[in-house]
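Try each task by yourself, then compare your steps with the solution.

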Amino acid sequence: MEWFPGEWYWIPEYFPKLLDGLWLTIKLLVLSIVIGMSLAIPIGLVQVTGPRPLAWLAKGFCTVIRGTPLLIQLWLIYYGIGSFFPQWGLNETFLWPYLRAGFPYAVFAFSISVAGYVGEVMRGAFRGVPKGELEAARSIGMSPFQILRRVWLPRALQNVFPTLTGEFILTLKATPLASTITVFEVYGIGSQIRQETYLIYEPLLLIALIYLCLAGPLIMMFNYLENKIPKRVS
Amino acid sequence: MEHALEILSYNPPGWGGALLRGLASTLQIALGAYLLGLIIGFAGAFGKIYGGPILRGSLKVYTTIIRAIPELVLILLLFYAGGDLLNYILESMGFARVEINAVAAGIYVIGFVQGAYSIEVLRGAFLAVPAGQIEAAKAIGMSWWKCHTRVVIPAMLPFALPGLANLWLIATKETALLAVIGLSELALVTKQATGTTKSFFTLYMAAGALYLCVTLASNVIFGFIERHYRRGQPVQG
């Protein structure tokens, strides 16, 4: 690497760790998106058709999640909720090593964050599906669940696909926050390298490059999926 | 509950006052960063629309890279790079090194990131102004400057405002990340308070509530501004 400015001797030494971190980042991202999406769909749906109290609850959830920084949510969940467990005497049980690990808290925090942001998107998406299509589905005798599965949800998702791609990229860019609650994903490894090698820029630049390399294929994958959805040309 | 009130009381040993002072510096940084972002945004949007291929290309690199890298990484990079660059320039001009003021550093770091998003929002809004209106302004002999201050900017604001409101909310929440570089704003003050009092839940809830108040108040204010600038526009929906 002599042709490139900067000190890069540490890369081979930390390579396995970086790979572990990368894997953890991907796990965190995929789990958060999957859990978050499966929460976001009902949250969006009840705001459009649900009973009033449920709709208000969902609206309130979205407002609170979108109105507070993710970092505060993460710390509230990890340190705040985590601080109750020793009070209940759980720190002496076999559960403690599991309760102390940061990863589940990070997945939980990112999932509800995705649920809050995407829930708001899905509300608009469900509302945006033309009424006539739902009426047509009902008139040919589909059950409410069938309508949701075959008409309403696919049409809603189709309309907001680019927005969802944006939300998922934002989630990827939020994953470094997990390093503040002892989850050593790729950014956390980068911070560790910075502390051990006393280098300021090189590890950060490598981490930035890794995120660029993650975001690029992710965007391409979603664009590919988007093009897979048949569009009616009018 | 009594315990919680004690911790959140305004005067020490309560942390209420410290949290409010943290909120004040959060708002100060967010406001400064937002304005810096808007300045970069307007300049960049003009550059992207009227500039030559080199200017357009470099602006595209700026907006793409900033929007693809996590804010936390950018904040650290910009924080160190900005300090080093400033001191390098000062030293080469024969001045002594300086320690950058924390608030100024926060404003510069968040503002630089906000700028990339502002450029895209404002560019989209510029392009949404009907060409006929600009041509009409030119036809009655307005200068370039007059045409922009009297026609283009007022006409684009309704398109830009939802995006700009969103950016303001992002700016207020993004300042929390400055806790990582040890900048004393609401998130870091809260963290320090939990270190002393050990009542994590109460304090983080309080901090969350303060951020939420800022968001809700901002929504009301932006609602007014948007209604004001939408006067005379066809009602949608």
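The exercises below go from one chain to the contact between two chains, and end with a single residue.

Please keep in mind that this is a predicted model, in which local features need pLDDT of at least 70, side-chain atom pairs count only at pLDDT 80 or more, and totals for chains, interfaces and linings use all residues. Residues are numbered from 1 along each chain as its sequence is written, while chains are lettered from A and ligands numbered from 1 in the order in which they are written.

**Exercise 1.** Describe the make-up of chain B.

*Solution.* Begin with secondary structure, where helices (H or I, at least four residues) and strands (E, at least two) are DSSP runs numbered from the N terminus. Chain B has nine helices and zero strands. Next, take the extent: the C-alpha atoms of chain B fill a box of roughly 70 × 55 × 30 Å along the principal axes. Then look at burial, calling a residue buried if 20 or more other C-beta atoms lie within 10 Å of its own, exposed if 12 or fewer, and partly exposed in between, with C-beta atoms placed from the backbone. Of the 237 residues in chain B, 35% are buried.

**Exercise 2.** Work out what chain A brings to its contact with chain B.

*Solution.* Two residues are in contact if their C-beta atoms, placed from the backbone, lie within 7 Å. The contact takes 23 residues from chain A and 24 residues from chain B. On the chain A side, α2 (52–67), α3 (70–82) and α10 (201–228) each supply at least two residues. The most comes from α10(A), with seven residues. Sort this side by type, with Ala, Val, Leu, Ile, Met, Phe, Trp, Tyr, Cys and Pro as nonpolar, Asp, Glu, Lys and Arg as charged, and the others, Gly among them, as polar. The chain A side then has 18 nonpolar, four polar and one charged.

**Exercise 3.** Which residues meet where α10(A) touches α4(B)?

*Solution.* From α10(A) come Y201(A), L204(A), I207(A), A208(A) and Y211(A), and from α4(B) come V73(B), L76(B), L77(B) and Y80(B). This contact divides into nine nonpolar, no polar and no charged residues.

**Exercise 4.** Is P154(A) buried, partly exposed or exposed?

*Solution.* First place the residue: P154(A) lies in helix α8 (residues 144–174) of chain A. Then count: P154(A) is partly exposed because it has 13 C-beta neighbours inside 10 Å.
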